[in-house]
Amino acid sequence: MKRKISNTLIYTVLATWMFGTVYPFIWVLLNSFKDKNSIINNSFSIPITTFTLDNYREALFGRYELWRAYINSFIISGSVVIVVILLAVFTAFAMSRYQFKGKKIIFGLLIASMMFPIFSTIFPLFRMLVRLGIQGEFLGVILPQIAGNLAFATILLTGFINSLPKELEESAFIDGANIFQVIFKVIVPNAKSAISSAAIFVFLWSYNDLFLQMIILKDVDKMPISALLLEISSKEGGTNYGLMVAAVALIAIPILVLYLFLQKHIIKGLLAGAIKG
């Protein structure tokens, strides 16, 4: 009896939490198919007679052209993921398999670097980007995001590679493989779940990094989708509700789809790293 009561209480709490989390997105999605007047007069109704795709047409192909912002976002986030994962694999392999002076200090610095918020480094970072002549360019966002995400990916992959048996690499070396063949043909295939988890988190953090995008990029044509949403809300004065909710839906949908399809990799990679690392 006590078990049933406790289970009921747990499911009630979880259902309440799920409703509070999912409902705002459902509300945004429903209102994105309404015109401005319908949103103002009855924002909680289901758009049956008021259904329209005008908000999405305006958002994607109107004055702000969100389709271009999508491309910008995937250029930035895709570049960050590729470079971070490549560097993290090499760094994690070195931290896992080689013994050298200062190894513990370097690993401690990697952990410590994750504790510094971007706000504390933005002024020297901005000056550095200006001196390099890449302020306002994609590279001005990509390089800081690589630096900011590399420590996390390295720590996650180091914990996982530590768990892999060294005999696999020794066998490859005996068969005549070089270090790059060992990494890409032995380590990477066996660490796919951890690499997938790291790549997904790095992509999400890069995609949602509004602060850095807002500071570095000023040209509307170069803005990723998160920064462009802020531009829309400021330029429209918060009055074009249809455009704003459509833009919010367009930003959130790719993330939800990505998570739904890759959630098994996320959970598997994190659990594997936590248990084996």
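Predicted model: local features only at pLDDT ≥ 70, side-chain atom pairs only at ≥ 80, totals over all residues.
The partner of arginine 57 is aspartate 54: their side chains form a salt bridge, with 2.7 Å from N to O. Aspartate 54 has a relative accessibility of 46%, so this residue is partly exposed as well.

Both residues belong to helix 3, which covers residues 54–61. Aspartate 54 and arginine 57 are 3 residues apart, or about one turn of the helix.

Next, follow arginine 97 to glutamate 169, where the two side chains meet in a salt bridge at 2.7 Å, N to O. For arginine 97 the relative accessibility is 14%, so the residue counts as buried, given that the cut-off is under 20%.

Arginine 97 has other neighbours worth a look. A polar atom of the arginine 97 side chain lies 3.1 Å from the backbone oxygen of isoleucine 161. Setting aside residues up to four places away in sequence, arginine 97 touches Ile161, Asn162, Leu164, Pro165, Lys166 and Glu169.

Where in the chain do glutamate 137 and lysine 222 lie? Glutamate 137 is in the loop between helix 6 (122–132) and helix 7 (138–161), while lysine 222 is in the loop between helix 11 (210–216) and helix 12 (225–235). The pair thus links distant parts of the chain, 85 residues apart.

Glutamate 137 has a relative accessible area of 34%, which means that this residue is partly exposed. Lysine 222 is partly exposed too, with a relative accessible area of 24%.

How many salt bridges does the model hold? The count comes to 5 salt bridges.

## Helix 4 against helix 7

Two packed helices are described by the angle between their axes and the distance between the axes. For helix 4 and helix 7, the angle is about 35 degrees and the axes are 7 Å apart. The two helices cross in a right-handed way. Sorted by class, the residues in the contact of helix 4 with helix 7 are 19 nonpolar, 8 polar and 1 charged.

## Isoleucine 232 in helix 12

Our last stop is isoleucine 232, a residue of helix 12. Its relative accessibility is 0%, so isoleucine 232 counts as buried. Which residues are in contact with isoleucine 232, leaving aside neighbours within four places in sequence? They are Tyr64, Leu66, Leu243, Met244 and Ala247.

Tyrosine 64 shows how sequence and space can part ways. Isoleucine 232 and tyrosine 64 are 168 residues apart in sequence, yet their C-alpha atoms are 7.6 Å apart in space.

Terms used
Residues numbered from 1 in each chain as written. Heavy atoms only, no water. Salt bridge = Lys/Arg side-chain N within 4 Å of Asp/Glu carboxyl O. Helix = DSSP H or I, 4+ residues; strand = E, 2+ residues; numbered from the N terminus. Buried < 20%, exposed > 50% of the residue type's maximum accessible area, 1.4 Å probe, protein only. Axes fitted to C-alpha atoms, helices over the stretch in contact; angles between N-to-C directions. Left-handed = near helix turned anticlockwise from the far one by under 90°. Nonpolar A, V, L, I, M, F, W, Y, C, P; charged D, E, K, R; others polar. Polar contact = N/O pair within 3.5 Å; in protein donor to acceptor, adjacent residues only side chain to side chain. Contact = heavy atoms within 4.5 Å.
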